[in-house]
Amino acid sequence: MSSRNSKKYTSFREEKLEKGEPVMRYEGSASGRKAGMAAAGGIDQGRMVFLREGRERFELQDLLKSSAEVLGTGNFGCTYRATFPNGPSVVVKRFRDMNRSGREDFEEHMRRLGRLSHPNLLPLLAYYYRKEEKLLVHDYVPNRSLALLLHGNRGPNRTTMLDWPVRLKIVKGVASALAYLYEELPMLGVPHGHLRSSNVLLDDSLEPLLTDYALIPVMNQSHAAKFMVAYKSPERKQIGRTSKKSDVWSLGMLILEILTSKIPMHDTQQGKESADLVNWVNSVAREEWATQVLDGMMGGRTKNAEGQMLKLLQIALACCEENAEKRWELKEAVEKIQETTQGDGDNSPTATASEEEVDSSKAGPEDDLSSIEIN
Ligand SMILES: Nc1ncnc2c1ncn2[C@@H]1O[C@H](COP(=O)(O)OP(=O)(O)OP(=O)(O)O)[C@@H](O)[C@H]1O
């Protein structure tokens with residue numbers, strides 16, 4: 001390295017950091033996706049702060065020495081899976097645009113997030129603070145994300161894993177975690193802020209675990225405005241600001257995605273053709289919803305399944321109401337979702353309906369929906 005270069009960068013890794021590129025040392029795996037965290041240098045000041053009792057602790061140096069796999073590069077930085085020799089895997093997410101607050105406020109917010117505890121929230125295990133960059137550490141969730149299962153695997157696995165009871169369980173779990181966030185973080189303008197299918201992870205029993213929640217208060221505002229899902233809500237476009245109801249809109253979009261297996265517009269790459277899910281559903285005649293809108297791969301029709309799917313579709317559309325004033329509060333949306341199966345009895349895949357029962361459950365979506373009030 002020339003002296004000019006060595007003056008500018010003390011190492012290859014710092015050069016990468018400065019250029020805003022993901023920093024890693026490739027170890028020559030066939031896919032090129034295995035990387036050593038060892039090279040993630042330039043982050044060796046500061047300390048790793050753990051937020052959970054009873055969890056195995058490690059230092060930043062251990063993390064840097066672990067073997068790491070890049071899970072993806074999202075809008076905020078790179079996300080790695082780091083595996084310790086004889087230890088568990090953790091996920092380390094690197095954020096560069098997280099300087100909205102000073103260190104004290106940042107740490108206070110992290111402690112607040114560290115105290116959250118809900119079966120459908122992925123706990124924040126630890127964080128690392130450096131002015132230029134923050135690391136957030138969570139457990140690795142082997143089933144990865146709902147986005148991957150819905151859109152990344154069109155094979156037989158998707159049919160068997162994401163059947164209707166599982167999708168309903170995911171919707172209910174997400175709703176319950178959101179309700180918890182709203183209760184615990186009433187001081188936040190938008191308590192989740194980035195609800196999308198890649199931030200819904202699935203545990204071994206396919207229970208949903210929300211991640212990337214409550215980060216708006218610490219994200220640089222311009223970056224949040226450009227990339228966070230809450231900022232894509234109609235009110236942000238109409239009146240230039242988000243509100244507590246922005247998460248309700250995101251929830252509606254997520255439910256539409258779950259029911260149709262189509263990717264919402266805010267999640268598609270620029271230039272890639274896509275349909276706005278709300279407009280698309282509304283463009284299909286109601287009598288056709290069961291056959292044209294609902295993902296046929298949900299399969300396993302139980303006695304009441306189709307009626308429940310259509311109820312949930314109506315609820316999702318109500319959550320996506322353009323006018324935020326008229327849109328439900330989160331509490332109301334969650335109640336409607338939890339009521340979806342009320343009085344329907346067993347919804348397990350074993351309670352499969354006979355052909356006749358399935359046919360009769362198709363008898364006019366409006367009949368099935370008459371019991372829910374929208375708006
Ligand atoms: N704890 C985790 N366990 C397993 N997979 C995870 C975990 N956290 C994130 N992922 C997956 O890693 C990939 C990259 O995540 P990342 O958060 O960087 O990007 P994203 O969710 O696609 O976009 P965004 O940056 O907007 O959140 C995604 O597929 C995500 O679902």
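Visitor: How many salt bridges does the rule find across the interface of domain 1 and domain 2?
Guide: A salt bridge needs a side-chain nitrogen of Lys or Arg within 4 Å of a carboxyl oxygen of Asp or Glu. Across the interface of domain 1 and domain 2, that rule finds 1.

Visitor: What kind of model is this?
Guide: Residues are numbered from 1 along each chain as its sequence is written, and side-chain values use heavy atoms, leaving out hydrogens and water. Local features need pLDDT of at least 70, side-chain atom pairs count only at pLDDT 80 or more, and totals for chains, interfaces and linings use all residues; the model is predicted.

Visitor: Which residue meets Lys 93 in a salt bridge?
Guide: Look at the side chain of Lys 93. The N to O distance is 2.6 Å. The partner in this salt bridge is Asp 212.

Visitor: What area is buried between domain 1 and domain 2?
Guide: An automatic or database assignment sets the bounds: domain 1 is 3-139 and domain 2 is 146-360. The contact (heavy atoms within 4.5 Å) takes 26 residues from domain 1 and 31 residues from domain 2. Buried area is the accessible area (1.4 Å probe) lost when two parts are put together, summed over both. Carbon and sulfur atoms give 60% of a total of about 2,500 Å².

Visitor: Why does the ring pair of Phe 58 and Phe 84 count as tilted?
Guide: Rings of Phe, Tyr and Trp (its six-membered ring) pair if their centres lie within 6.5 Å; planes under 30 degrees apart are stacked, over 60 edge-to-face, the rest tilted. Here the centres are 4.8 Å apart and the planes stand at 40°, so the pair is tilted.

Visitor: Are Phe 58 and Phe 84 buried or exposed?
Guide: Buried means under 20% relative accessible area, exposed over 50%, and partly exposed in between (1.4 Å probe, protein chains only). Both Phe 58 and Phe 84 are buried.

Visitor: Which residues form one aromatic cluster?
Guide: Two of the members are Phe 58 and Phe 84. The cluster consists of Phe 50, Phe 58 and Phe 84.

Visitor: What is the relative accessible area of Leu 195?
Guide: Leu 195 sits in the loop between helix H7 (164-184) and strand S9 (200-202). Beyond its neighbours within four places in sequence, its contacts include Val 174, Leu 210 and Leu 254. Leu 195 is buried, at 1%.

Terms used:
Helices (H or I, at least four residues) and strands (E, at least two) are DSSP runs, numbered from the N terminus.
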